Amino acid sequence: MKLPFPRRAERALWLMGQKLPRLEPEPRSEPDWIQANPRFIERASAHAQAKEGGGWVVLDASRRITDEPRRFDVDGREWVAWRTESGVRVASNTCPHMGARLSDGHCKDDKLVCPWHGLALGESRGEWRIQPVHDDGVLLWARLLEDEVLTERPIQVARVPHVLEGTIRQEARCDPEDIVANRLDPWHGAHYHPHSFARLVVTDVSEDAIALRVAYRAFGALAVEVDCTFHAPTRRSIVMTITGGEGVGSVVETHASPIHPGRCAVIETTLACSERPFAQHATRVAGLVRPFLERRAGRLWVEDIAYAERRHELRRGREPRRGLQLVSE
């Protein structure tokens, strides 16, 4: 079966790992620009935006939060996060005394010390209060959006035990929905990221999930082919899960947290699973492998952020849509 892959990817390809069964029925043969129907992508995006978020946002990888106070901007407000012996705490970055930025202070005896007058804050004080947080062992979540139907815990997909983890955080000049919409268009993968995807074919689509078969480049012409699905569990997150081939159960979670209108943070974590015998030793070299995972993810998101920012410009009317036509189904 001849697949509509980009010219740069039409070269000898050597597949490693488990061999996947032939796709039945055979996928559509139309060019990707036809399969990537704008109306479907917009419907899938609207379907995701109708889901709840529970008020929770992802701040960063949990391991990056230390006893050094760190500022985060979420939904137009400043917050500060720091680690104590009992876990991570998140609160307003404004000192309740005279308004100093607490992220400029320091921690002492698990308390946050204001840089201006030395006020030590540990528990809630007046309107200044500790916010609900959830540390899932990989990501740090905080419940900071009060205009949503609040949930006790973040809305997450179930995770299987993983052997490797890598997490990146980047900022984008767009809204969270533009990040999610980017992931609901897998047809751009082999065209826009030929350095990472040797070939990609979408096998099934619905507003709830998109299934595809993709060959990830390992080195040059060497690639690993897997089956995977994309689905959005919340309005600000989308999850890719490997369902066939190497690394079944591995997931890539992409979370978009609002900073202020027209700007958001992209936090993506890769949780790699493997049934190979060497996998039991992978945790020993996680510190060496993690930078490789994060570099690859970071390179993809430099490009995908450009995609999301362009969508944001068009959606907000900053660039006229003259000449753009929706392809009929």
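Reply: Happy to. On a 1 Å grid over the protein atoms alone, a pocket is an open set of points where a 1.4 Å probe fits, with protein on both sides within 12 Å along at least five of seven lines, and lining residues have an atom within 4 Å of a point. A volume is the space filled by probe spheres set on the points, which are joined across faces, edges and corners. This is a predicted model, in which local features need pLDDT of at least 70 and side-chain atom pairs count only at pLDDT 80 or more, while totals for chains, interfaces and linings use all residues. Residues are numbered from 1 along each chain as its sequence is written, and side-chain values use heavy atoms, leaving out hydrogens and water.

For the largest pocket, the volume comes to about 1,300 Å³. Its lining has 50 residues, and Tyr216, Ile242, Thr270, Leu293 and Arg296 lie nearest the centre. Elements giving two or more residues to this lining include helix H3 (176-183), strand S13 (210-219), S14 and helix H5 (286-315); helices (H or I, at least four residues) and strands (E, at least two) are DSSP runs, numbered from the N terminus. The most comes from H5, with seven residues.

Strand S14 (residues 222-234) also holds Leu222. Leu222 is partly exposed, at 34% relative accessible area, where buried means under 20%, exposed over 50% and partly exposed in between (1.4 Å probe, protein chains only). As for cysteines, Cys107 is partly exposed at 21%, whereas Cys273 is buried at 11%.
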